[in-house]
Amino acid sequence: MHENLTPEENISEAEKLELIHQMINSARDEHSENGLGWIVWGIILFVASLGTYFMLEYQLKGSFWLWNIVFPIGLVLIFISVIRRKKRQHKRSLTYAQELLERMGIGFFASLLAMIAGINLYFMTSNGTSDIEFWGFFYIIYAFWMYIHGSALKFRPLIIGAVLNWIAGVAMFVIAEMKYEMLTGAIAILLGYLVPGYLLFVQSKKLKS
Amino acid sequence: MFKDLDPILHTPLRLAIVSLLISVKEAEFTYIRDKTKSTAGNLSVQMNKLKDAGYIEIRKQFKDNYPQTVCMITPEGIKAFEQYVTNLQSYLNTKP
């Protein structure tokens, strides 16, 4: 509509309002995601959960090794994505949502690592015989992250995914058998990460075309 | 009775700059230039007018050895923009 704006040209009040809307929406569109991060993490966690379920179901040895490799893989992926993002380009604008998400991201991952460290310390100091029920905590804290993302992006599937992960997290405290906890987690990840991630990916493709 | 529209925001380019900056915390000069589809010279002149009015802040710095101009709206600019939009809407609401 307003190609090559010049300071001299005169436009009507309605056109001015339209221009304001265009500019505000243009800046807002800067904060978008392609969903790939959600899909990659979703696949890793889904494979770990479902894999552990099958290992427990068929009584295979070393049923936790899948989970033990998730975090090193995750750390490597985070490291690669940070380097790639830095190389690609520096941000030409900083939206309020981006700033908030960056700050919350630091807080979130710090909380997550602190929880992992705390659990490890617990097992190191308590002879490893106690049956602490910690799986639900992960899903609850991930739900928090999804909810914040979904709210900032105004993307309902992520918010619904967060609610499903909250329910799954709480349910894990009453599910007695580990393998069913893993199965519940796999379903929560499938519906909470992979489906919204895929929808974000489709949405971003549509926006680009 | 119509309220006067702020002459500083009365031109499309200055209005576009302020509308863009209202939605972000800060933005680079090149980003504003691309979004408003304006020329660097024209944009620079209009931004200086907004700066002189106290509506925006311009910060010049170096990033990765390259000069970088970062712009942000001031609280005064936010107030003026909000008032401008309110006045603009009153014009439209009273038109037949």
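This is a predicted model: local features need pLDDT of at least 70, side-chain atom pairs count only at pLDDT 80 or more; totals for chains, interfaces and linings use all residues.
A salt bridge here is a side-chain nitrogen of Lys or Arg within 4 Å of a carboxyl oxygen of Asp or Glu. Searching the whole structure turns up 3 salt bridges over all chains, and we'll visit each of them.

Residues are numbered from 1 along each chain as its sequence is written, chains are lettered from A and ligands numbered from 1 in the order in which they are written, and side-chain values use heavy atoms, with hydrogens and water left out.

**Stop 1: chain A**

Select A:Lys179 and A:Glu57. Their side chains form a salt bridge, 2.6 Å from N to O. Now colour by element (helices, H or I, have at least four residues and strands, E, at least two; both are DSSP runs numbered from the N terminus). A:Lys179 sits in helix H7 (residues 178-208) of chain A and A:Glu57 in helix H2 (residues 36-57) of chain A, so to speak distant parts of the chain, 122 residues apart. For accessibility, buried means under 20% relative accessible area, exposed over 50%, and partly exposed in between (1.4 Å probe, protein chains only). A:Lys179 is buried at 14%, whereas A:Glu57 is partly exposed at 31%.

**Stop 2: where the chains meet**

Show chain A and chain B together. The contact (heavy atoms within 4.5 Å) takes 26 residues from chain A and 34 residues from chain B. About 2,800 Å² is buried between them, with carbon and sulfur atoms giving 63%; buried area is the accessible area (1.4 Å probe) that two parts lose on being put together, summed over both.

Which elements give two or more residues to chain A's side? Pick helix H1 (13-28), strand E1 (93-95) and helix H4 (96-125) of chain A. H1(A) supplies the largest share, 10 residues.

Next, zoom in on E1(A). This strand runs antiparallel to strand E1 (residues 24-28) of chain B, joined by 3 bridges (two strands pair if DSSP finds at least two bridges between them). Select A:Ser93 and you'll find B:Ala27 as its bridge partner.

**Stop 3: strands of chain B**

Stay with E1(B) and pick B:Glu26. Its side chain meets that of B:Arg59 in a salt bridge, 3.7 Å from N to O. B:Arg59 lies in strand E2 of chain B and B:Glu26 in strand E1 of chain B, so the pair ties together parts 33 residues apart in sequence. B:Arg59 is partly exposed at 31%.

Follow E2(B) (residues 56-63) along to E3(B) (residues 66-73): 8 bridges join these antiparallel strands. B:Gln61 stands opposite B:Gln68. The two strands make a hairpin with 2 residues between them, and B:Asp64 in the turn has a positive phi of about 50°.

**Stop 4: around B:Thr36**

Finish at B:Thr36 in helix H2 (residues 29-36) of chain B. Buried or exposed? B:Thr36 is buried, at 0% relative accessibility. Its side chain makes a polar contact of 2.9 Å with the side chain of B:Ser38 (a pair of N or O atoms within 3.5 Å; within protein, one must be able to donate a hydrogen and the other to accept it, and residues adjacent in sequence count only if both atoms are side-chain atoms). The backbone oxygen of B:Arg33 lies 3.5 Å from a polar atom of the B:Thr36 side chain. B:Arg33 also forms a salt bridge with B:Asp34, with closest N and O atoms 3.4 Å apart.
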